Amino acid sequence: MKPSPQTVSPLRQRMLDDMRMRKLSPKTQSHYLRAVRQFAGYLHRPPDTASVEDLRNYQLYLVDHGISPVSLNAAITGLKFFFDVTADHPELTAKMQPVHVPHTLPVVLSREEVARLIAAAGNLKHQTALSVAYGAGLRASEVVALKVGDIDSQRMTLRIEQGKGSKDRYAMLSPVLLERLRSWWRVARAQGRMLDGGWLFPGLDPIDPLSTRQLNRAIHAAADAAGIDKRVSMHTLRHSFATHLLEAKVDIRVIQVLLGHKKLETTALYAQVATDILREVVSPIETLHSA
């Protein structure tokens with residue numbers, strides 16, 4: 001539940017205003033507020049009374065309690081915004097530097113595993129949403145933000161509004177995926193669960209979209225039902241989409257555009273997990289003649 005305007009402290013309101021002035025996304029604002037709230041809970045007093053030593057000890061506290069590098073960097077980023085912008089004391093966080101995040105390869109499912117996963121989803125809505133995530137390479141947030149009007153069956157595209165980085169783009173829409181979407185649309189309309197021009201994947205109340213949390217719960221349940229023992233998330237379907245395209249010899253620059261990646265290096269990561277490509281490469285030992 002969001003606090004009412006009467007319960008928002010002046011300090012929190014100033015931070016909200018600072019973030020709004022910079023047009024930070026709702027997700028980023030939520031992350032920054034959480035970082036400051038957790039720090040205040042550790043400090044047991046208002047966060048703007050903290051010292052350099054308090055922040056140093058807090059970072060040590062997080063590290064000693066097993067926080068991941070990604071979560072630690074997120075906490076540092078939120079605190080830096082608060083102290084640099086809202087509290088106007090950038091010197092307090094000058095020594096808080098992000099830590100190195102170990103390089104890990106993404107989990108990728110085989111085509112057969114993807115088919116089993118989608119089939120094991122609990123209902124048609126979840127099956128279709130997972131199909132969209134894999135078939136168009138979308139992030140979970142992009143799937144739940146889709147509206148009926150974003151489907152263009154003439155151009156065979158899905159319009160993605162304000163994806164990551166606040167960028168619009170078009171995603172691919174295959175004939176198979178279009179047919180799945182039409183099947184879902186017919187069922188949802190017949191049941192009165194989809195409004196005219198509304199969300200493609202509505203929540204329990206049709207005026208609200210399905211949440212990313214609900215979608216993540218659905219994919220975890222589907223992975224369990226399908227007997228897939230890999231660590232699966234919604235992003236796994238996006239990774240699998242890119243890897244399978246690369247294995248099908250689609251140009252990596254095309255994949256970069258479909259994924260909405262700003263840098264080609266980000267897309268190039270999938271070359272490391274495209275095992276079909278590895279199997280096609282002939283090792284130099286095969287060219288050696290036996291003595």
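In this predicted model, the side chains of arginine 20 and aspartate 17 meet in a salt bridge, with 3.1 Å from N to O. The term salt bridge stands here for a side-chain nitrogen of Lys or Arg within 4 Å of a carboxyl oxygen of Asp or Glu. Both residues lie in helix α1 (residues 10-21), three residues apart, so about one helical turn separates them. Helices (H or I, at least four residues) and strands (E, at least two) are DSSP runs, numbered from the N terminus. Arginine 20 counts as exposed, at 57% relative accessibility, while aspartate 17 counts as partly exposed, at 26%. For these words, buried means under 20% relative accessible area, exposed over 50%, and partly exposed in between (1.4 Å probe, protein chains only).

A second salt bridge joins the side chains of aspartate 54 and arginine 45, at 2.6 Å from N to O. Aspartate 54 is buried, with a relative accessible area of 17%, whereas arginine 45 is partly exposed, at 36% relative accessibility.

What do the side chains of glutamate 113 and lysine 230 form? They meet in a salt bridge, at 2.9 Å from N to O. This pair links distant parts of the chain, 117 residues apart: glutamate 113 sits in helix α5 (residues 111-119), and lysine 230 in the loop between α9 (212-226) and α10 (234-247). Glutamate 113 is buried, with a relative accessible area of 14%, and lysine 230 is partly exposed, at 32% relative accessibility.

Salt bridges can also be linked together: Arg139, Glu142 and Arg169 form a network of them. The structure holds 12 salt bridges.

Turning to the protein as a whole, 13 helices and three strands are found. Of its 291 residues, 38% count as buried. Contacts (heavy atoms within 4.5 Å) were also examined: among those between residues at least 6 apart in sequence, 56% join residues at least 24 apart. The accessible surface comes to about 17200 Å², and carbon and sulfur atoms account for 56% of that surface. Accessible areas come from the Shrake-Rupley method with a 1.4 Å probe; for residues, only the protein chains shown count as cover.

Residues are numbered from 1 along each chain as its sequence is written, and side-chain values use heavy atoms, leaving out hydrogens and water. As the model is predicted, local features need pLDDT of at least 70 and side-chain atom pairs count only at pLDDT 80 or more, while totals for chains, interfaces and linings use all residues.
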